[in-house]
Amino acid sequence: MTIRRNRLAGRAGLLLAIVLGVALVVGANVHLVYIAETSQPECIAHRRLGEAGEQASYAAAQSGCRPSTPSKPASE
């Protein structure tokens with residue numbers, strides 16, 4: 001009878017470990033999707049398509065960021 005209990009306890013432990021592992025993987029993926037959907041990264045400086053610059057530099061095909069323009073003083 002004790003051998004049977006040990007097998008059941010071993011199977012229950014294995015099943016619990018599998019369930020916890022799957023829950024961990026699913027939770028991590030849900031967290032990654034949530035962060036990807038809610039975060040807004042800052043724009044980084046790069047050469048835009050059509051701008052003159054070094055011939056060997058890379059440019060974004062379509063930039064999601066607009067170039068910053070200096071603000072005019074309110075007195076003008």
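Colleague: Which residues make the nonpolar surface patch of about 470 Å²?

Modeller: Leu-14, Ile-18, Val-22, Val-26 and Val-30 make this patch in the protein. Residues are numbered from 1 along each chain as its sequence is written, and side-chain values use heavy atoms, without hydrogens and water.

Colleague: Where is Ile-18 found, and does it count as buried, partly exposed or exposed?

Modeller: Buried means under 20% relative accessible area, exposed over 50%, and partly exposed in between (1.4 Å probe, protein chains only). Ile-18 is found in helix 1 and counts as partly exposed because its relative accessibility is 48%.

Colleague: How many residues of helix 1 are buried?

Modeller: The number is zero of 37, so helix 1 lies largely in the open. In the protein, 3% of the 76 residues are buried.

Colleague: What span should helix 1 have?

Modeller: The expected span is 1.5 Å times one less than the number of residues. Helix 1 (residues 2-38) should therefore span 54 Å, and its end C-alpha atoms, 53 Å apart, agree with this.

Colleague: Where is confidence lowest, and where highest?

Modeller: Where pLDDT is low, predicted coordinates should not be read in detail. The mean is lowest in strand 2 (residues 59-60), at 62, and highest in helix 1, at 91. The protein averages 76, and 55% of the residues score at least 70.

Notes. This is a predicted model: local features need pLDDT of at least 70, side-chain atom pairs count only at pLDDT 80 or more; totals for chains, interfaces and linings use all residues. Helices (H or I, at least four residues) and strands (E, at least two) are DSSP runs, numbered from the N terminus. Patches are made of residues with over 30% relative accessible area and no salt bridge: like charges are joined within 9 Å, nonpolar side chains (Val, Leu, Ile, Met, Phe, Trp, Tyr) within 5 Å. Accessible areas come from the Shrake-Rupley method with a 1.4 Å probe; for residues, only the protein chains shown count as cover. A salt bridge is a side-chain nitrogen of Lys or Arg within 4 Å of a carboxyl oxygen of Asp or Glu. pLDDT is the predictor's confidence in each residue, from 0 to 100.
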